[in-house]
Amino acid sequence: MVRSTILTATVLALVYVTANRSIESETRSVVSAELTGLADEYERRGLLGLITAIERRLPSASERDALYLLTDRLGVKLVGNLKSWPVNVAAGSGWVDLELRRADNDQLVPVSAASIRLPGGERLIVGRDAVARQQFDRVLLRSVALALGIALLLSLLTGWLFTRLVFSRLSDIASTAENIVSGDLSRRMPIRGTGDEFDQVAGTLNTMLDRIEELISNLRTTSNSIAHDLRSPLSRLKQRVEALSDPDKSELDREIDIARVPTEVDHVLRVLGQLTEIR
């Protein structure tokens, strides 16, 4: 159960990390493509052409969470929906995550952006408002946490049910074994018909108990037969020994009784010999 929970947690963590990386990679690809396109626009049509291209993008920028800012070489804003160039960010320094103030609503928002320095010294930054991404990230994190919690709960529930099942079957087997130890050889291990390992073990044990009961029955029959075979010659032997002390017996009768004693003893010894050969 612990392994399954760890595996589930690992899978969910991979889903979370993969989703974040995919979104970040897509965002970077789109921003890099826009930077490249705007840089090409600057090379073809100059600064005015670049300003015009950015102004065309601004009306739909809010829908795409797109952010633009173009400044001259002194940092004066020329066009864009950001208020000012971020402090301590050099143009062309690569991908950055920071907070900038939007020009349309004067709100400070998290931004993922990249920038370049144009040949004329102008600076251009293009990015994406990360508010929606952060909201998605929180939703995804909550979903992963919820899924992990449900998986853990199901794992614990499954473990509890499995433990109850195992102990229930073991209790049945132990109870039956106690009755058998007490002498009730007619009892058999319960079989529930599920075909699981417990039923297979119970079937094997019942086969063994059937064989044991059969052997004990045969042993009891053999013992009774041996007891009968021993009782008869011993009784006769006792009678002949007692007859030797009878004063009314003639010497001839005593000699006959004495002569028959070895025969009775041999019979007893023969029966005892057969008894020792029983396997």
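## Elements and the largest pocket

Helices, taken as H or I runs of at least four residues, and strands, taken as E runs of at least two, are DSSP runs numbered from the N terminus. In this predicted model, the element named α1 in that way gives the most to the lining of the largest pocket, with 4 residues.

The largest pocket has a volume of about 200 Å³, and the elements that give two or more residues to its lining are α1 (2–57), β5 (123–129) and α3 (131–181). Among the lining residues are Ile23, Glu26, Thr27 and Val30, together with Arg64, Asp65 and Ser112, as well as Arg128, Asp129 and Arg133. Sorted by class, the lining of this pocket comprises 6 charged, 4 nonpolar and 2 polar residues.

## The sheet

An open sheet is formed by 5 strands in the order β2-β1-β5-β4-β3, with antiparallel pairing. Because β2 (77–80) and β3 (96–101) stand at the edges and each has a single partner strand, one side of each is left without a neighbour in the sheet. On average, and with direction ignored, neighbouring strands of this sheet are turned by 35° against each other.

For the edge strand β2, the pairing can be given in detail: β1 (residues 66–71) runs antiparallel to β2 and is joined to it by 3 bridges. Within this pair of strands, Thr71 stands opposite Lys77 in β2.

## Aromatic rings

A search of the whole structure for aromatic pairs returns 0.

How values were computed
Residues numbered from 1 in each chain as written. Predicted model: local features only at pLDDT ≥ 70, side-chain atom pairs only at ≥ 80, totals over all residues. Heavy atoms only, no water. Phe/Tyr/Trp six-rings, centres within 6.5 Å; stacked < 30°, edge-to-face > 60°. 1 Å grid on protein atoms, 1.4 Å probe; cavity = no way out; pocket = protein on both sides within 12 Å on 5 of 7 lines; lining within 4 Å. Points joined across faces, edges and corners; volume = space filled by probe spheres on them. Nonpolar A, V, L, I, M, F, W, Y, C, P; charged D, E, K, R; others polar. Pairing = 2+ DSSP bridges. Axes fitted to C-alpha atoms, helices over the stretch in contact; angles between N-to-C directions.
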